[in-house]
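Please read the following report on one protein chain with its sequence and its 3D structure side by side. The text moves from the whole chain to its parts.

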Amino acid sequence: MSVMSLDTASTADPATGTATGTGTDAGPGAATGSATGPGPGTAGGSGGPDVRRHELAAFLRSRRERISPEQVGLPRGRRRRTPGLRREEVAQLSAVGVTWYTWLEQARPIQVSPQVLDALAGALLLDPTERTHLFSLAGQADPHPETPCPTVTPALRALLDQMEPVPAAVQNSRYDFLAYNRTFGRLFCDLDARPREDRNSLWLAFTDEDFRAAVTDLPEVLLQLAGKLRAAMAEHLAEPAWKALVDRLQAASPEFRAIWARHDVVDQSGRTKLIRNAEVGLLRMEHTNLWLGPTAGPRLVTYVPLDSATRAAVERLQEIVLAEESARAVPTAV
């Protein structure tokens, strides 16, 4: 689903959330006037910035009203008519301006930063699914990629483990690895040894020497990956996380800059792959995408051995990883 940034008729300090620009301060009970913009059914189209502002405002109000003061360590007081928290209490907990937060709940056209959204998510006690929804409505990338992805359920993680020794992973349409089993984690390189933000097929293929060494047809794979990313990005052009990935790749890799400038697109079909694993040698595998929802969303990626030699090698790779895990689990003698 494509998301768009909030309008920037007014702006907010990214650290404090204090609003600047034209207009006077509006208290919690003030009329919104023309600054709120038209309602959801007006010009802008379904899913436009005006609709998103109203959805974001309604979501924030609903989350605020469900939380009691006691849940966040605030006194209830004697005369409380507002269900849940007051707006000024959310602003206090989030370290943002009261007027700015009021405008946000009134769907005014102000800009909200990822840092402020992160503070609001904490103040409103959002769970991972609610946090993802908050950032999607605001059209911003979550600044904490370690936040658990709601797509990767415990049942799906168990499935990945049960598929071993067949390497398998869950990957989103931006080619980030969201979860993987042991054998996949060592198929091209040691994924666990890479920072979480680097666990992306394109980043590894264009910048990581160990990953590149495992790819036997690297020039073709680079063309394929860049073409697949461009095709997938057509539905996500306004999303900051996608633009950030492309900017990062262009800054780090002249190869990527040259290929990206060609504007080639490639479909998402799987194919046979020859992988030169550093620990067990050459592997001949069939790469398959199993979609977990719409084809623009996350998918289960599997690498099935195509011959008995590859199957035996993958089993050896699993044994190596298990042996290393067992060695780490044994306490060191004093």
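Helices (H or I, at least four residues) and strands (E, at least two) are DSSP runs, numbered from the N terminus. Contact means heavy atoms within 4.5 Å of each other, and axes are lines fitted to C-alpha atoms, for helices over the stretch in contact, with angles from 0 to 180 degrees between N-to-C directions.

The model is predicted, so local features need a pLDDT of at least 70 and side-chain atom pairs count only at pLDDT 80 or more, while totals for chains, interfaces and linings use all residues. Residues are numbered from 1 along each chain as its sequence is written, and side-chain values use heavy atoms, with hydrogens and water left out.

**The chain as a whole**

The pLDDT is the predictor's confidence in each residue, from 0 to 100; its mean over the chain is 82, and 81% of the residues reach 70 or more. Over residues 1-46, however, the pLDDT is below 50, although this stretch has 104 contacts in the model beyond near neighbours in sequence. Where pLDDT is low, the predicted coordinates should not be read in detail.

The chain contains 13 helices and 7 strands. Of its 334 residues, 45% are buried, where buried means under 20% relative accessible area, exposed over 50%, and partly exposed in between (1.4 Å probe, protein chains only). Among the contacts with a separation of 6 or more, 57% are between residues 24 or more positions apart.

**Helices 2 and 4**

In helix 2 (87-94), the residues R87, E89, V90, A91 and S94 are buried, and the buried residues of this helix pack against helix 1 (49-65), helix 3 and helix 4. Helix 2 is followed by A95, whose phi is positive, near 60°. V96 is found in the loop between helix 2 and helix 3, and V96 counts as buried because its relative accessible area is 9%.

Helix 4 covers residues 114-123, and its buried residues are P114, V116, L117, L120, A121 and A123. These buried residues pack against helix 2, helix 3 (98-105) and helix 5 (128-138). Just after helix 4, L125 also takes a positive phi, of about 55°.

**Pairs separated in sequence**

| Pair | Separation in sequence | C-alpha distance |
|---|---|---|
| V96 and L120 | 24 residues | 8.9 Å |
| R174 and M233 | 59 residues | 7.7 Å |
| L159 and N181 | 22 residues | 9.1 Å |

R174 has its place in the loop between strand 3 (168-171) and strand 4, and, not counting residues up to four places away in sequence, R174 touches N200, L229, A241, W242 and L245.

Strands of a sheet pair through backbone hydrogen bonds, either parallel or antiparallel, and here two strands are said to pair if DSSP finds at least two bridges between them. In this model 5 strands form an open sheet in the order 4-3-7-6-5, with antiparallel pairing. The edge strands are strand 4 (177-180) and strand 5 (272-277), each of which pairs on one side only. Neighbouring strands of the sheet are turned by 30° against each other on average, direction ignored.

Strand 5 and strand 6 form a hairpin with 3 residues between them. They run antiparallel and are joined by 6 bridges, strand 6 covering residues 281-291; within this pairing, the partner of I275 is L283 and the partner of R276 is L282. Strand 6 is joined to strand 7 by 7 bridges, again antiparallel, and the bridge partner of W291 in strand 7 is R299. Helix 13 (residues 308-329) lies across strand 5, strand 6 and strand 7 (299-305), running at about 85° to strand 6.

**A pocket**

On a 1 Å grid over the protein atoms alone, a pocket is an open set of points where a 1.4 Å probe fits, with protein on both sides within 12 Å along at least five of seven lines, and lining residues have an atom within 4 Å of a point. Grid points are joined across faces, edges and corners, and a volume is the space filled by probe spheres set on the points.

The second largest pocket holds about 370 Å³ of space. It is lined by 26 residues, of which V221, L225, K273, H287 and Y303 are the closest to its centre. The elements that give two or more residues to this lining are helix 9 (209-214), helix 10 (218-233), strand 5, strand 6 and strand 7.
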